[in-house]
Amino acid sequence: MSEMNKAMIEQYRNSFLSEVEANVEEGEWVKMCMQCGVCSGSCPLGKHWAHPPQEIFMMIRAGKRDEVLTSDSMWMCTSCYNCIVRCPRQLPITHIMHGLATYAKKLGLTPKNQPTAKFAEIFWNNMMKKGRVNELKLGLSLYFKDGFGPGIKEALRNKDLGMKMMKAKRMAASEFFGGHGVKDVSGLQKMIKKAQELEDARMKKFD
Amino acid sequence: MSEVAEKKFAAYICTGCGIGDRLDTGELEQTASRDGRMNVVKMHEMLCNKEGVQMIRDDIANDGVTHAVIVGCSRRAKVEAFDITDIAMTRCNIREAVIWARPDTDENKKTTQEMANDYIRMSCGEIKQMNKPSPSGQQGRNPNVLVVGGGVTGMTAALEAAEAGYTVHLVEKTGALGGHVAQLHKRVPFKAAPVGTPNSPDANLPMPEDTGIADMISAVEGNDNIKVYLNSTITKTSGAPGRFSVDISTESGDTTTENIGSIVQATGFKLYDPENLPEFNYAGSPDIITNLEMEALANAAGDGPIKRPSDGKEVTSVLFVQDAGQNSSDEDRLPYDSGIGDLVSIKQALYFKHHNGDGCDTTICYNNLRTPGAPGEDFYRSGQKNGVIFTKSDVKEVTPGDSLTVKMHDKILDEDAEVKVDLVVLDLGMVPNSGPDPYAANEALEGMSDEERAEELEAQEAHAADENSIKVESILNLDYRQGTDLPHLKHGFTDSHFICFPYETRRTGIYAAGPVRRPMDIRQAMDDATGAAMKAIQEIENAAQGRAAHPRVGDLSYPSFRKEGCTQCKRCTVECPFGAIDEDEERYPQYNESRCRRCGTCMGACPVRVISFENYSVNTVGAQIKECDIPEEWDEKPRILVLACENDAYPALDQAAISGVEISPWARVVPVRCLGSTSLSWVTDALNNGYDGIIMMGCKRGDDYQCHFVRGSAMANERMAKVGDTLESLNLEPERVVVEEVAITDIDRAPQLIQDMADTIEKIGLSPFKF
């Protein structure tokens with residue numbers, strides 16, 4: 001039996017749905033979707049998504065594991081909460097989208113150079129260093145995320161804004177050198193590490 | 001003393017509600033006594049109050065008044081106050097039809113007064129042709145209800161009637177009570193989740209519950225007022241409500257004859273035949289089953305897992321094909337949807353979750369998921385919560401094999417897919433268990449050419465003669481002239497207005513309940529049965545007093561005919577929408593009072609005008625037409641006769657006046673019981689008398705009819721198609737006579753139709769027949 005055929009037969013089985021229910025934040029809500037499509041119609045960015053939320057839910061139920069987890073759709077969510085407000089079944093759609101994104105990231109299935117995913121990573125690493133976000137470094141990291149050349153270009157483009165922010169004391173150049181952090185950075189890092197361990201232990205394996 | 005001399009006519013004119021302010025009451029009084037030739041004319045400033053009504057009652061008691069015209073408000077107002085049944089009585093409407101329909105200005109004063117005078121003349125003419133109606137005494141009180149069908153509908157109807165103190169004869173074709181419900185494993189829950197149940201994936205939602213049929217069967221069997229006949233059918237039903245004679249026969253041929261007051265037909269449904277759906281391969285594998293077979297499979301499982309029929313393997317995946325053979329435009333498939341199939345499949349999918357564990361894949365392939373009823377949405381969520389997968393898809397094909405292969409098109413993902421499952425359940429539709437439609441043969445002929453007609457008739461005869469052809473068995477075996485069973489509306493379901501008068505059928509005293517009337521679930525069928533039982537009880541009491549059933553409830557008048565004038569043409573027996581008229585040995589029509597709804601369709605059908613009611617006849621309406629003053633041609637005041645159905649058109653005109661919509665001063669409105677009672681002679685007479693236009697206002701006809709007598713309005717329309725010949729022979733324009741469908745809500749349109757006729761007359765000129 002070919003791999004493709006195997007996959008076909010596995011379609012419409014509950015396995016991927018169970019995986020989502022177990023491992024994705026608010027994943028237990030997915031089965032309650034009644035396919036009305038109000039979320040897809042309400043999403044301001046819906047037309048830019050490869051698969052709007054309604055379709056994502058159907059794909060989960062149809063067992064399309066790879067297609068869902070490697071999709072960049074859930075990364076497109078801007079957390080406007082329109083879908084949550086309108087869902088007649090009151091599904092926490094926004095949270096499910098972020099849950100799916102997190103899970104995909106964890107499994108290493110995030111599409112390459114997905115900007116939202118990249119930003120999230122930069123944000124996390126930046127925050128973990130000192131226990132708080134260093135805005136100057138966060139901005140700079142974003143400018144240089146595609147390499148040195150484009151970084152310089154982007155920095156120059158925004159230089160006026162930067163000067164104004166410095167003048168208004170919204171940004172300090174001194175932050176570039178170390179910057180300030182929380183009192184007990186290593187304590188925080190330990191806490192996060194422990195949380196990560198607990199979550200990894202809870203995560204069920206579906207291979 | 002001759003009978004005429006005993007009659008004393010009186011008119012009572014109310015001057016309240018502004019009548020006295022708007023009209024010259026002296027002139028009204030004079031019109032009633034001089035033109036109307038009333039023996040007594042009295043005025044009262046508020047006739048409907050105690051004092052006014054007492055005045056009329058005193059005159060009846062002390063002065064021997066036998067006929068009264070009550071001049072004032074519409075016949076639809078103050079009905080209780082003027083509930084006078086011991087004499088002949090009519091109402092003359094000069095409030096809604098005159099003062100409220102016309103503006104209160106000086107230039108309109110004269111035409112408004114003319115209207116009121118005319119209506120008084122008309123009513124005085126009418127009352128002279130009327131007599132006090134009295135019941136025929138054809139039947140007495142018979143407290144026996146016959147219930148045909150021992151399923152959940154029939155048993156509920158039986159219990160309800162029995163609890164109300166009536167005796168019930170419950171006839172069941174098979175050897176056991178319970179019908180389809182007795183075959184079910186569980187039923188769809190009756191109640192929604194309690195108020196306040198959270199909307200979450202772990203909420204406590206309703207689950208399949210016990211059918212409760214065992215309790216119901218023992219309640220029926222233990223009820224002294226219910227006599228159950230198993231393995232029995234109805235071999236003959238004759239008579240009428242209050243005096244039905246019913247032969248109940250067992251398979252072995254033993255027959256009991258019972259006297260019955262009224263009948264509830266609860267013959268239920270059968271499943272659509274899956275053999276007609278080749279794509280689902282029902283015959284190809286024992287693992288492709290119907291929704292009813294699924295119930296048996298669940299019953300067989302006991303406490304263990306559900307196993308598939310072919311090899312007894314525990315089912316690990318099941319797929320439900322929703323709406324199989326339903327909602328289809330293909331011939332031989334059901335054009336409708338049983339509506340409850342989705343609830344049933346959710347219930348059955350939950351059987352698997354319960355018996356075979358959460359790991360059993362249950363997929364419901366639907367197109368439009370519908371879960372009607374109070375618990376519907378909660379039950380849908382209950383299915384989802386428990387892991388039933390719902391896939392909006394078209395199932396294209398089911399192929400047998402070691403496991404079944406289902407090909408489908410997913411309509412959300414817009415792609416073809418293929419699944420392998422252990423079991424496929426087909427959601428088949430409900431086909432009503434009706435007897436043969438008495439009018440099917442006629443309807444097949446509608447709109448055919450003479451040649452096609454001959455061919456069709458030949459085919460019908462051949463079918464009837466062929467011993468091997470499949471014939472629908474009669475259920476009631478009525479020995480009515482118009483067929484053995486209840487007429488159908490569509491797709492074999494019995495004909496009754498599904499909103500306005502749901503349990504009524506076109507055979508008075510026989511009420512349909514449950515899925516023979518329309519597809520429905522247990523809960524709805526039980527409500528339906530209760531409603532039908534109440535109607536059956538009501539009919540027993542009405543028939544006992546000679547009173548009409550819906551819609552002229554309580555009417556004591558009934559049709560009779562002048563034998564010497566009858567030509568035995570049979571038009572009345574054919575056109576009666578309720579099959580109320582049989583044929584006697586001499587081939588004259590034979591009326592069955594309690595089958596009659598008093599619409600007068602027979603009266604309108606009679607070409608020799610020999611059929612009449614005591615208080616409604618060709619002459620009562622004819623007199624109203626004749627007594628209206630027709631102004632001379634040079635007055636330039638046209639007269640428009642409006643024959644308005646009392647059920648919808650007349651109330652619409654009343655309501656128009658109440659709402660301040662003007663009605664043309666040229667209109668003279670005559671209420672009729674049903675447009676079906678309209679005699680062609682009224683039209684001819686009116687035209688000969690010099691009316692300039694005639695509007696006939698009846699209810700909507702056709703499949704989605706609103707006619708309270710089902711076919712009356714359609715009959716009238718057919719007959720009036722011939723009015724063109726009359727107009728031609730009189731050399732009159734065809735626009736002068738129109739037939740319109742008017743609904744009770746047409747309060748702007750109905751007056752506008754009259755105005756349109758007034759405009760037409762202005763264009764084509766007044767009638768040349770003014771004398």
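**Note on a predicted model: chains A and B**

1. Strand β27 of chain B, residues 667-672, is mostly covered, with five of its six residues buried. The model is predicted, and this applies to every point below. "Buried" is used here for a residue with 20 or more other C-beta atoms within 10 Å of its own.

2. Which strand pairs with β27(B) over six bridges? The partner is strand β26 of chain B, residues 640-645, and the two pair in the parallel sense. One residue pair can be looked up in the structure: B:V642 has B:V669, in β27(B), as its bridge partner.

3. Chain B has 771 residues, of which 51% count as buried. Along the principal axes, its C-alpha atoms fill a box of roughly 95 × 65 × 60 Å.

4. Consider next the contacts in chain B between residues with a separation of 6 or more. Of these contacts, 71% join residues 24 or more positions apart.

5. How is chain A divided? Domain 1 of chain A covers residues 3-111, and domain 2 covers residues 115-201. Taken over C-alpha atoms, the centres of domain 1 of chain A and domain 2 of chain A are separated by 30 Å.

Definitions and conventions:
Residues are numbered from 1 along each chain as its sequence is written. Chains are lettered from A and ligands numbered from 1 in the order in which they are written. This is a predicted model: local features need pLDDT of at least 70, side-chain atom pairs count only at pLDDT 80 or more; totals for chains, interfaces and linings use all residues. Domain bounds come from an automatic or database domain assignment. A residue is buried if 20 or more other C-beta atoms lie within 10 Å of its own, exposed if 12 or fewer, and partly exposed in between; C-beta atoms are placed from the backbone. Two residues are in contact if their C-beta atoms, placed from the backbone, lie within 7 Å. Helices (H or I, at least four residues) and strands (E, at least two) are DSSP runs, numbered from the N terminus. Two strands pair if DSSP finds at least two bridges between them.
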